[in-house]
Amino acid sequence: IISYFWPSVDGVIENRNLFSPDLRSPICCVGLELQDCTCSQDSSLKITDGERNLSLNLEEKKAVVAEVGEQIAKAQAVIVAEYRGLEVGDMTRLRSNARHSGVYFRVLKNSLARRAVEGTAFSELSKDMVGPLVYSIGGDPVAAAKVLHEFEKENDKLVIKAGAMPNLLLSHKDIASLATMMSREELLAKLLGTMQAPIVNFVRTLNDVPTKFVRGLAAVRDQK
């Protein structure tokens, strides 16, 4: 996060931390000239309700709802967690974990999230969309749950609030159990390994046939 400082109308220096709606980038000096500002890095700042500090216009809201709705349409799980007090570096690491797991991860205004799930198999989750939340949405339900569950175990600033699979609400305990299962990638790797074992044995057997045949011929020859 970058802090921007500028004089207020009464001459007092103010520090304003400005966020884009999804916390991916800061927005500097809205309504002011850039030269009126000075910038400084501050990695100790906390993420609280920054994503709610800026209001979106109607078109931007429609774009967010459309983007999230597209993810919801192909999702097998949606997990929400409160991030109040989570540090910037931790949020960055969490976002990176989600990306590497193929999980759509985003801080959202809850009102927009409710619109995105309205009329879908995840609509019942709306009642739990309260407070500053991050949304973990994935086609692999295990991966979506595991990203938040694993992070929650090591950081008490992240608290899983609720989750859902199509037409099924999940409790915190359900999500924890789901997260301990093998992900789709892990299952595919195990299945592939299982399938490869007979093939490897078959190839090894085929390779042994000529060798045994040659040995057999040599034994018959030595007997003569």
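**Note on the predicted model: an open sheet and its helices**

1. The chain holds six helices and ten strands. Among contacts in the chain with a separation of 6 or more, 76% are made by residues 24 or more positions apart.

2. Five strands form an open sheet in the order 7-8-5-9-10, and their pairing is antiparallel. Strand 7 (104-107) and strand 10 (168-170) are the edge strands, each of them pairing on one side only. From one strand to the next the twist averages 15°.

3. Strand 5 can be followed to both of its partners. With strand 9 (residues 159-165), strand 5 (residues 77-82) pairs in the antiparallel sense over five bridges, and in this pairing V78 stands opposite A164 of strand 9. With strand 8, strand 5 is also paired in the antiparallel sense, here over six bridges, and V80 is the residue that stands opposite Y135 in strand 8.

4. Strand 8 deserves a paragraph of its own. Strand 8 is mostly covered, since six of its six residues are buried. In a regular strand the side chains alternate between the two faces of the sheet. In strand 8, L133, Y135 and I137 point one way, while V134, S136 and G138 point the other way, and all are buried. Strand 8 is joined to strand 7 by four bridges, and the two run antiparallel; R106 stands opposite Y135 of strand 8.

5. At the other end of the strand order, strand 9 and strand 10 pair in the antiparallel sense over three bridges, and L169 in strand 10 is the bridge partner of A164. The hairpin made by strand 9 and strand 10 has two residues between the strands, and in this hairpin N167 takes a positive phi near 60°.

6. How do helix 4 and helix 5 pack, and at what angle? Helix 4 and helix 5 (residues 172-179) pack at an angle of about 105°, and their axes are 8 Å apart. Because angles of 65 to 115 degrees count as roughly perpendicular, helix 4 is roughly perpendicular to helix 5. From helix 4, the residues P141, V142, A145, K146, H149 and E152 meet H172, I175, A176, L178 and A179 of helix 5. By residue type, the contact of helix 4 with helix 5 divides into seven nonpolar, two polar and two charged residues.

7. Helix 3 (residues 110-117) has N110, L112, A113, A116 and V117 as buried residues. Seen down the axis of helix 3, these buried residues fall within an arc of 155°, so they line one face of the helix. The partners against which the buried residues of helix 3 pack are helix 1 (58-73) and strand 8. Just after helix 3, a positive phi of about 75° is taken by G119.

8. A last point concerns D128, which is found in the loop between helix 3 and strand 8. D128 and K161 are 33 residues apart in sequence, and in space they are 7.2 Å apart from C-alpha to C-alpha.

Conventions: Residues are numbered from 1 along each chain as its sequence is written. This is a predicted model: local features need pLDDT of at least 70, side-chain atom pairs count only at pLDDT 80 or more; totals for chains, interfaces and linings use all residues. Side-chain values use heavy atoms; hydrogens and water are left out. Two strands pair if DSSP finds at least two bridges between them. Axes are lines fitted to C-alpha atoms, for helices over the stretch in contact, and angles run from 0 to 180 degrees between N-to-C directions. Angles under 35 degrees count as roughly parallel, over 145 as roughly antiparallel, 65 to 115 as roughly perpendicular and the rest as oblique. Contact means heavy atoms within 4.5 Å. Ala, Val, Leu, Ile, Met, Phe, Trp, Tyr, Cys and Pro count as nonpolar, Asp, Glu, Lys and Arg as charged, and the others, Gly among them, as polar. Buried means under 20% relative accessible area, exposed over 50%, partly exposed in between (1.4 Å probe, protein chains only). The arc is that of the directions from the helix axis to the C-beta atoms.
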